[in-house]
Amino acid sequence: MAQAQRLAEQNKLEQHSWSNGKTKSTVRFVNGLILNGQHQEQLVNYVEYQQVDIKTGKTVYANSWITDIPITKANVKEVVAVGRSRWKIENETFNTLKNQGYHLEHNYGHGKKYLATNFALLMLLAFLVDQISQALDFVFRKAWQKSGSKKNLWQKVRQVFDLMPALSMNAIYKFIAKGPSLDFPLLE
């Protein structure tokens, strides 16, 4: 943010530091910056955070955020903690969506009539249902544990779904969780 950079160069950002013995955290912040040229009436508050390893002097983590919450020395640690946790949640969610069987990838176009957007929304809806199942459904968690990863779970769900009729997804999860021991003759 250009305004914050100019203020930093002029040493006009407030600064606060603390240490936990292993790392030193330094925060610089300012309240009341203009959001952008088109919305000059909208003011934001800027926080810049840096965490440095005391022994090596190397930066462990650095980030900056804007917020509408007024920042003071009394609440800046909490603002940083919230910013870091939100970033962590965001990164973990996108990592899950990209690498654990949901197939979220970068898309540079939205197709005709928003096709790719609708696919992305359906994928997010599936993710939401899975998150609810993960939190509330013991059988889902057991099937996931038996599978080892969500990607493997989705593969097993597809296999069972393709090969056998099932009354519900819960029946499929129960089948996977039990670890089937079927006595079928070998295919020749």
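Predicted model: local features only at pLDDT ≥ 70, side-chain atom pairs only at ≥ 80, totals over all residues.
Colleague: Which type is Y49 with Y61?
Modeller: Tilted, because the planes are at 50°, with the centres 6.1 Å apart. Y49 is in strand β3 (residues 39–53) and Y61 in strand β4 (residues 59–67), so the pair links parts of the chain twelve residues apart. Strands (E, at least two residues) and helices (H or I, at least four) are DSSP runs, numbered from the N terminus.

Colleague: And what about Y49 with W65?
Modeller: Tilted as well: centres 6.5 Å apart, planes at 35°. W65 lies in β4, so this pair ties together parts 16 residues apart in sequence.

Colleague: Is Y49 buried or exposed?
Modeller: Buried, at 5% relative accessibility; W65 is buried too, at 15%. Buried means under 20% relative accessible area, exposed over 50%, partly exposed in between (1.4 Å probe, protein chains only).

Colleague: Which residues do ring pairs link into a cluster?
Modeller: W18, Y49, Y61 and W65. The charged end of R84 also sits over the ring of Y61, 3.9 Å from its centre. That takes NZ of Lys or CZ of Arg within 6 Å of the ring centre and within 35 degrees of the ring normal.

Colleague: Switching to helices, at what angle do α2 and α3 cross?
Modeller: Roughly 110°, with the axes of α2 (residues 76–99) and α3 (residues 115–136) coming within 12 Å. That makes them roughly perpendicular, a label for 65 to 115 degrees. Axes are lines fitted to C-alpha atoms over the stretch in contact, with angles from 0 to 180 degrees between N-to-C directions.

Colleague: Which residues make the contact?
Modeller: T93, T96 and L97 of α2, with M123, L124 and F127 of α3. Contact means heavy atoms within 4.5 Å.

Colleague: Last one: where is N11?
Modeller: In the loop between α1 (2–9) and β1 (14–19). N11 is exposed at 70% relative accessibility, and its phi is near 55°, a positive value in a residue other than glycine.

Conventions. Residues numbered from 1 in each chain as written. Heavy atoms only, no water. Phe/Tyr/Trp six-rings, centres within 6.5 Å; stacked < 30°, edge-to-face > 60°. Parallel < 35°, antiparallel > 145°, perpendicular 65-115°, else oblique.
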